[in-house]
Amino acid sequence: MSWIESLQKAIDYIEEHLLDEDLSIQRAAEEANSSAFHFQRTFAILTDMPVGEYIRGRRLTIAAQELTRTGCKIIDLAYKYGYDTPEAFTKAFRRQHGITPTEARNFSGKLKSYNRLVIQVSLKGAEPMQYSIVEKEAFKVAGVKREFSLCNKENLAGIPKMWDEVNSDGTGDRLFQLNNGEVKGVLGVCVDKRSTKPDSMDYWIASSYKGDKPDGLETLEIPAAKWAVFEVHGAMPNSIQNAWKKIFSEWFPSSGYEHAAAPELEVYSAGNPFSPDYYSEIWIPVK
């Protein structure tokens, strides 16, 4: 099964079970032959929204359609679409549509529709991507880590703040000085923790390091893996965000490679990250 077909199967599963109380992102990920962590990460990169936000948006879209087409009571719709109380349903409905369910029923405002996602193949790739395939034995990194929830965009908001703190308190400079290992630069490392703690991840800001554990820092072993290493040129954060989208929307579907079960790395060089000449890399484990 192709990468595109797998992802579409996961989306179809979500749609078929959209109103189920026990709708499982884990089960949807299995349809895509992926871990829940990597499925959610891929989904967010390609759509600019988390899976949970898509599910909420779709449910409230269908609820609005039913509200305007039928005489179903608002309290019944609230329970049908997964809300414990009519008040919670009304609050979520207003957040998405900008009007209350009653106003929608009276055609007193505009509604916002999240349409069902369908993957379409379009002509892309005219702009070449520079990458290499490398194999590395296991290596250690030293740095700081934090645990983030994957719910309610906590990781998306928290990781940039973490970088700001590291760059302002001198930790970033120290990591560049400690960098004597296999990978040159300061790393952002995403580690899936779902096997031990659902809906969570560890994020590391670290550097590849050989030697005893540095004072005040933690260490992590990155397992031996085959890596697709992509060059990224341009100012942060747009350059690396655009590169992630191209990797998942263009490179993976046509490369024949699959994502392997290991952390992903962003590698940042010394220099001004806001310069148009800034250089960074994305390392993705593949098989």
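Which residues does Y203 touch, not counting residues up to four places away in sequence? They are V144, K145, R146, F148, I159, M162, W163, G188, V189, C190 and E266. Contact here means heavy atoms within 4.5 Å.

This is a predicted model, where local features need pLDDT of at least 70, side-chain atom pairs count only at pLDDT 80 or more, and totals for chains, interfaces and linings use all residues. Residues are numbered from 1 along each chain as its sequence is written, and side-chain values use heavy atoms, leaving out hydrogens and water.

**The sheet**

Eight strands form an open, antiparallel sheet, ordered β1-β6-β8-β7-β3-β4-β2-β5. Strands are DSSP runs of E, at least two residues; helices are runs of H or I, at least four; both are numbered from the N terminus. Two strands pair if DSSP finds at least two bridges between them. The edge strands, β1 and β5, each pair on one side only.

| Element | Residues |
|---|---|
| β1, edge strand | 131-136 |
| β5, edge strand | 218-222 |
| β6, paired with β8 | 225-233 |
| β8, paired with β6 | 279-286 |

Strands β6 and β8 pair over eight bridges. V232 has S280 in β8 as its bridge partner.

**The core**

The largest nonpolar core has 34 residues. Such a core is a set of buried Ala, Val, Leu, Ile, Met, Phe, Trp, Tyr and Cys residues joined through side-chain atoms within 4.5 Å. M201, Y203, I205, I247, I282 and I284 touch the most other members. Helix α10 (residues 238-255) gives the largest share, seven residues.

**S207**

S207 lies in strand β4 (residues 200-208). S207 is buried, with a relative accessible area of 0%. Buried means under 20% relative accessible area, exposed over 50%, partly exposed in between (1.4 Å probe, protein chains only).
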